Amino acid sequence: MILSIAWRNVWRNKVRSIIMIVAIALGLTAGVFATAFMLGAVESRIESATRTELAHLQVHAPRFMDNNETGLFISNAGELTQKINQLAEVDAACYRLIAEPFIMAAHGTGGGKMLGIVPEMEKEVTNISQKLVDGTYLEKNSRMPPVLIGEKLAKKLKLKVGSKLNVQMVDMNGDLSSKGYRVSGIYRTVNTGFDETNLFVLYDDLKKQLGLHGDVAHEIAMICDDANTVDDVKTKVQQLAGNDDVKTWKEISPEMSILTESMDQYMYIFILIILLGLCFGIVNTMLMAVLERTKEIGMLMAVGMNKRKVFGMIMLESVMLTLTGGLLGVLTGSLITRYFETRPIDVSAFSEGLEKYGYATKVYTALQPNTLVIITILVILTGIISAVYPARKALKLNPAEATRTE
Amino acid sequence: MKIIEIKNLHKIYNSDSVAVHAVNGIDVSFEEGEFTAIVGPSGSGKTTLLNIIGGLDDATEGSVEIEGIKINELSARKLTDFRMKNIGFVFQAYNLIPVLTAKENVEFIMHLQGRNKADREARTSELLKAVGLGEMMDRRPSKLSGGQQQRVAVARALASKPKFVLADEPTANLDSHSTENLLDIMEQLNKEEKITFIFSTHDQRVVNKARRVITIEDGKIISDISK
């Protein structure tokens, strides 16, 4: 019955309650949507990082990652890649050579990271082949070996498809090696930093320039069927790789890992700030509700409703008011989020800043059901916290005086 | 049988450093089945006396015993529980819960007592019929006249089967017809069900119906007449 009274009390002053419910609903709609937007942006960044840049797991020779030393390579790389490919949880694996060259073009120079890849294998692991904005994916159209460069680097060095560039690097023997390449294609990812520094050439061309021989590679990259099984797959790959280092994308790029792990915290802080703002409105509404009912609350205490029940009734009213607005907001926010799950939000107006940090300019919202559950729990807690002051005010009433209040 | 015994009761209010002796050494007792009016001018202390008997206010000195229990020695929680089980209240301004129907208002106190639904419904129906509102059970207070609301309040006061009912100026907001009607109902309940009623009132019609009239002035009983 107290539940029923509390619910009816919420609707005693309809206009006031509706204003508060709408305010809560709007606040949470914005909160849920903004959360889904941020999560979508981060998921897109992770997708980009794993599908374009890092893959899920990488194998390197011990200490290679310290300074990309040419001599620290994986022996029998092809054989190991084949074994990794046979693991049920692995979708695809490929091997690469890596060098850190000095690039010279007609209109400028620069440094970067050159990856020697086997195009057909690489296609199965990363999606660089789908990011072409001009030219071909390392197709040999001239006597010079082809190179695939990022749009940002192309603009910086004023290169286009067909342009020549000279690449210098230290080879296996410690000698300076220089070789000319012709731009066969230009790619563009969502990460301009990646585009500016990463060049792709054919595995055999780089192997030759580095003076390497045999079935060697600096890196084996792989994509798992399920991103959540990466840690389990790592154990299996480590068994195959022997002394070589196996690292997950989170270990290779800890800042990405921090980003995903701190994202939840940022989201809840954001929601908490919204709820804190709403808290003041709820306290005000509940305080008015209590002060208007001084006589009635005095009567309830007089006839034997103990303080615990009076406190509980006011708490319930506050929670019901907050939860009504909260659920409405969560529902509206979820519907809007769902709409933008399949229709991207274009934030290209901020493309320069976003792409610099590897974020896409088209964001698909993403929201996990457990986030909605946690938001709902936070809403209930807000209702409870907001009711404490008004409820304590009610408990301080003297029933004898309260029942005679005009 | 004596149900209320008050000994050497004092209540002093300290306002603006002036001590006001609202109740000044009252000794009185009430028997079961009484229909008593406490009268006196405004500020004489009759409402304060009623509040202390009902456990809504503390005495500065003295004691109030209800069937041998000194209520001024009970903890706040036990006192609330005691009120719920033993005392019925009728207020001047009815003080019904506006969001509940007449039936729910009467049922509410039985709900607090933890009585089962069938018991609650039977008692509510019985009481509302007794106060002549059997046809208006599902109306909210806003759809009832002042007299009807006060009759619901009487039914509510009796719902918990209290040892006695304290009615503070119950007719002050009613017209003469409603007053007569309400008093007849309470007198009938008093006679037929032996329910003890103690009123504080200015209303001569209540005084006329009462079988015992206690007059208070300046916090002291100046007369106590049984008819």
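**Figure 1. The surroundings of B:Asp218 in the predicted model.** B:Asp218 counts as partly exposed because 14 C-beta neighbours lie inside 10 Å. The residue sits in the loop of chain B that runs between strand S9 (212-217) and strand S10 (220-226). Although B:Asp218 is not a glycine, its phi is positive, at about 50°. Most residues other than glycine have a negative phi. The structure shown here and in the other figures is a predicted model.

**Figure 2. B:Glu169 and the loop that holds it.** This view shows B:Glu169 in the loop of chain B between strand S7 (164-168) and helix H6 (176-193). B:Glu169 has 20 C-beta neighbours inside 10 Å and therefore counts as buried. Its phi is near 45°, a positive value in a residue other than glycine.

**Figure 3. B:Asn8 in strand S1 of chain B.** Strand S1 of chain B covers residues 2-15 and includes B:Asn8. Because B:Asn8 has 11 C-beta neighbours inside 10 Å, it counts as exposed. Leaving aside residues up to four places away in sequence, B:Asn8 touches B:Gly25, B:Asp27, B:Glu61 and B:Gly62. B:Gln204 is 196 residues from B:Asn8 along the chain, and the C-alpha atoms of the two are separated by 28 Å.

**Figure 4. The largest nonpolar core, with A:Ile220 and A:Met222.** The largest nonpolar core contains 171 residues, and A:Ile220 and A:Met222 have the most contacts inside it. Helix H2 of chain A (residues 14-54) contributes the largest share of this core, 15 residues. At least three residues of the core come from each of domain 1 (2-49 + 257-402) and domain 2 (62-243) of chain A. With residues up to four places away in sequence not counted, A:Met222 touches A:Ala55, A:His56, A:Leu57, A:Ile84, A:Val90, A:Ala92, A:Ala93 and A:Val125.

**Figure 5. Segments of chain A annotated in UniProt.** An unreviewed UniProt entry places the feature "domain: MacB-like periplasmic core" at residues 17-240 of chain A. Over residues 17-240, chain A is 40% helix and 29% strand, with the end C-alpha atoms 65 Å apart. For "transmembrane region", UniProt (unreviewed entry) lists residues 18-42, 266-290, 310-336 and 371-389 of chain A. Residues 266-290 of chain A are 100% helix and 0% strand, and their end C-alpha atoms lie 35 Å apart. Residues 310-336 of chain A are likewise 100% helix and 0% strand, with 39 Å between the end C-alpha atoms.

**Figure 6. The two domains of chain A and the extent of the chain.** Chain A is divided into domain 1 (2-49 + 257-402) and domain 2 (62-243). The C-alpha centres of these two domains lie 49 Å apart. Chain A has 16 helices and 14 strands. Its radius of gyration is 31 Å, well over the 22 Å that the globule rule gives for 406 residues, so chain A is more spread out than a compact globule. Along its principal axes, the C-alpha trace of chain A spans about 100 × 45 × 30 Å. Of the 406 residues of chain A, 45% count as buried. Among contacts in chain A between residues at least 6 apart in sequence, 82% join residues at least 24 apart.

Terms used. Residues numbered from 1 in each chain as written. Chains lettered and ligands numbered in written order. Predicted model: local features only at pLDDT ≥ 70, side-chain atom pairs only at ≥ 80, totals over all residues. Core = buried A, V, L, I, M, F, W, Y, C linked by C-beta atoms within 7 Å. Buried ≥ 20, exposed ≤ 12 C-beta atoms within 10 Å, placed from the backbone. Helix = DSSP H or I, 4+ residues; strand = E, 2+ residues; numbered from the N terminus. Domains from an automatic or database assignment. Contact = placed C-beta atoms within 7 Å. UniProt positions renumbered as here; feature names shortened; annotations may be inferred. Rg over C-alpha atoms; globule rule 2.2 N^0.38 Å.
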